[in-house]
Amino acid sequence: MEVWHQWSIFRSLLTILQWWCFNVTVIIMNKWIFQKLDFKFPLSVSCVHFICSSMGAYIVIKVLKLKPLIVVDPEDRWKRIFPMSFVFCINIVLGNISLRYIPVSFMQTIKSFTPATTVVLQWLVWRKYFDWRIWASLVPIVGGILLTSITELSFNVFGFCAALFGCLATSTKTILAESLLHGYKFDSINTVYYMAPFATMILGVPAFLLEGHGILDWFEAHPSPWSALIIIFSSGVLAFCLNFSIFYVIHSTTAVTFNVAGNLKVAVAVLVSWMIFQNPISPMNAVGCGITLVGCTFYGYVSHMLSQQQPGTPRTPRTPRNKMELIPLVNDKLEGKI
């Protein structure tokens, strides 16, 4: 029994580590594509990710049969899946746009604002009750974001707004999932299987019209465009692997472990990006990032404790664990980029 317990802990650590590796690698590769390869076309990068994710999900479910397909009625695909895919698409595009204009450290810190936007949206739009401890746990998150924004040495208004609206898109997707996907217990792979093709269809035409000419110019001017394209498509493959890794992390860890690991993942991404890109970080900026991550961890702990209350006790609304998988990334610590 003890051996089995040790193996379970070891397996959980392995799944968390491979999740961290995929997530940090995808974020760094995306930043590298925008900054080092000078491929400043976030719509096209997102579209490549959607195409790779669509193909990957099809192979996993239909060819390798590693995951059973969750059957969705054709009518529900347009009434339920398509609206979710639209918000899902906006979320990923905004994340990539923000990566083009602001450092990874700042972008990841802003994305940690998602718990606050989710609670506020549910309270304003759905009039859901939230325990005072939930509101209190949001104070360090908001305070940390404000401190980080004020002291950010590479601040860019456009990138900041893209990341902030990305938080709103993530929150909207989480909230919509509770109503639009009621009755369907999706995992991360089935989510990608249904949403990524819709997202490709939504984004394909705008990417072609807005960025097609610029890509042709880039292809002619870049000294080694084919090598760069391999890196771009590799980031799409790794983005799908990230979604696959999320499935195993959720099923191998508890909700509390998942929350803590998600916040530590942000710290790892910030550290690795600073080592690679050497973006300037002031001491107060680092403090603001730390306060935000501590606040996110505290928020996750409070949410979990309130969810364990006895029946009859007023409970804070929360997303069931199987619906947490709807967020590929993200983040809201599943802010991994597809």
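User: In what order do the elements of the chain run from the N terminus on?

Analyst: The order is α-α-α-α-α-α-α-α-α-α-α-α. That makes 12 helices and zero strands. Helices here are DSSP runs of H or I with at least four residues, strands are runs of E with at least two, and numbering starts at the N terminus.

User: What kind of model is this, and which residues count for local features?

Analyst: This is a predicted model, in which local features need pLDDT of at least 70, side-chain atom pairs count only at pLDDT 80 or more, and totals for chains, interfaces and linings use all residues. Residues are numbered from 1 along each chain as its sequence is written, and side-chain values use heavy atoms, with hydrogens and water left out.

User: Why is Lys111 called buried?

Analyst: Buried means under 20% relative accessible area, exposed means over 50%, and partly exposed is in between (1.4 Å probe, protein chains only). Lys111 has 2% relative accessibility, so Lys111 counts as buried. This lysine is in helix α4, residues 104-111. Its C-alpha atom is separated by 8.8 Å from that of Gly95, 16 residues apart along the chain.

User: What share of the chain counts as buried?

Analyst: Of its 338 residues, 54% do.

User: What makes Asp131 buried, and where does Asp131 lie?

Analyst: Its relative accessibility is 7%, so Asp131 counts as buried. The residue lies in the loop between α5 (114-125) and α6 (132-151). A polar atom of the Asp131 side chain is 2.8 Å from the backbone nitrogen of Arg133. A polar contact is a pair of N or O atoms within 3.5 Å; within protein, one must be able to donate a hydrogen and the other to accept it, and residues adjacent in sequence count only if both atoms are side-chain atoms.

User: Why is Trp135 called partly exposed?

Analyst: Its relative accessible area is 30%, so Trp135 is partly exposed. Trp135 lies in helix α6. Leaving aside neighbours within four places in sequence, Trp135 is in contact (heavy atoms within 4.5 Å) with Val119, Val120, Trp123 and Phe130.

User: How do you know that the span of α2 agrees with its 22 residues?

Analyst: The expected span of a helix is 1.5 Å times one less than its number of residues. For α2 this should give 32 Å, and the end C-alpha atoms are 30 Å apart, which agrees. Of those 22 residues, 16 are buried, leaving α2 mostly covered. After α2 comes Lys65, whose phi is positive, near 55°.

User: What makes a set of residues a nonpolar core, and which residues have the most contacts inside the largest one?

Analyst: A nonpolar core is a set of buried Ala, Val, Leu, Ile, Met, Phe, Trp, Tyr and Cys residues joined through side-chain atoms within 4.5 Å. The largest has 37 residues, and those with the most contacts inside it are Phe50, Ile81, Cys89, Leu181, Phe186 and Leu203. The elements giving two or more residues to this core are α2 (42-63), α3 (74-101), α7 (157-180), α8 (188-221) and α9 (225-252). The largest share, 11 residues, comes from α8. Apart from this core lies another, of 33 residues, among them Cys52, Tyr299, Val302 and Leu306.

User: Where does UniProt place the feature "transmembrane region"?

Analyst: The unreviewed UniProt entry places this feature at residues including 41-61 and 132-151. UniProt positions are given in the numbering used here, feature names are shortened, and annotations may be inferred rather than shown by experiment. In the model, residues 41-61 are 95% helix and 0% strand, with end C-alpha atoms 31 Å apart. Residues 132-151 are 100% helix and 0% strand, with end C-alpha atoms 30 Å apart.
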